[in-house]
Amino acid sequence: MADSSKKEIYTYQAAWPVYSIAWSLREGHPFRLAVGSFVEEYMNKVELIQLDEHRGEFDSICTFSHPYPTTKLLFTPDRNSPRDLVATTGDYLRLWAVEGDVCKMLRLYNNNRNTEFCAPLTSFDWNSTDSNLIATSS
């Protein structure tokens with residue numbers, strides 16, 4: 001672990017314009033970030049990166065496609081979770097699992113039952129007391 005009195009500035013150059021970003025709160029991954037793209041196409045990207053403290057550089061853990069830009073990204077607030085979970089919003093709320101160097105979607109939450117169209121979810125928050133609860137807004 002880096003000396004806590006020593007302050008460093010690290011940079012990361014994404015392959016696309018960045019629209020959203022979130023820190024992992026999980027023990028053992030203090031410098032893990034999720035980075036969401038903003039490209040003017042239907043498919044955007046989310047990349048998980050991890051700081052290699054010895055080299056002072058970020059490494060890509062995994063990248064996955066995401067419909068539309070992610071309006072918000074959050075890692076699970078449960079610091080003792082056995083795996084990293086990432087929630088994203090855009091057209092719907094999606095829950096992703098990070099397992100080693102693989103990210104896979106666990107669930108797509110669609111509460112729109114009345115029409116084939118959906119309004120974007122503009123934000124959400126993950127309850128830190130009960131990590132089974134996520135509130136969304138549009």
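**Notebook: hairpin, pocket and salt bridges**

I started at the hairpin of β7 and β8, which has two residues between its strands, and found G100 there with a positive phi near 70 degrees. I am working with a predicted model, so to speak with care: local features need pLDDT of at least 70, side-chain atom pairs count only at pLDDT 80 or more, and totals for chains, interfaces and linings use all residues. Residues are numbered from 1 along each chain as its sequence is written, and side-chain values use heavy atoms, with hydrogens and water left out.

I looked up the pairing next. Strand β7 (residues 93-99) runs antiparallel to strand β8 (residues 102-109) over seven bridges. For my own reference, two strands pair if DSSP finds at least two bridges between them; strands are DSSP runs of E, at least two residues, numbered from the N terminus. L93 stands opposite Y109 in β8.

Then I went to the largest pocket, which holds about 520 Å³ of space. Of its 24 lining residues, L93, Y109, N110, I134 and T136 are the closest to the centre. So which elements give two or more residues to the lining? I noted β7, β8 and β10 (134-137), with the largest share, three residues, coming from β8. The lining divides into twelve nonpolar, nine polar and three charged residues (Ala, Val, Leu, Ile, Met, Phe, Trp, Tyr, Cys and Pro count as nonpolar, Asp, Glu, Lys and Arg as charged, the others, Gly among them, as polar). My pocket terms: on a 1 Å grid over the protein atoms alone, a pocket is an open set of points where a 1.4 Å probe fits, with protein on both sides within 12 Å along at least five of seven lines, and lining residues have an atom within 4 Å of a point. Points are joined across faces, edges and corners, and the volume is the space filled by probe spheres set on them.

Last came the salt bridges (a side-chain nitrogen of Lys or Arg within 4 Å of a carboxyl oxygen of Asp or Glu); I found eight in the whole structure. One joins R26 and D84, with the closest N and O atoms 3.7 Å apart. That pair links distant parts of the chain, 58 residues apart: R26 is in the loop between β1 (18-23) and β2 (32-37), D84 in strand β6 (residues 84-89). Both are buried (under 20% relative accessible area; exposed is over 50%, partly exposed in between; 1.4 Å probe, protein chains only).

R94 and D91 meet at 2.6 Å, N to O, and both are buried. Salt bridges with shared partners also join D52, R55, E57 and D59 into one network.

Key
Helix = DSSP H or I, 4+ residues; strand = E, 2+ residues; numbered from the N terminus.
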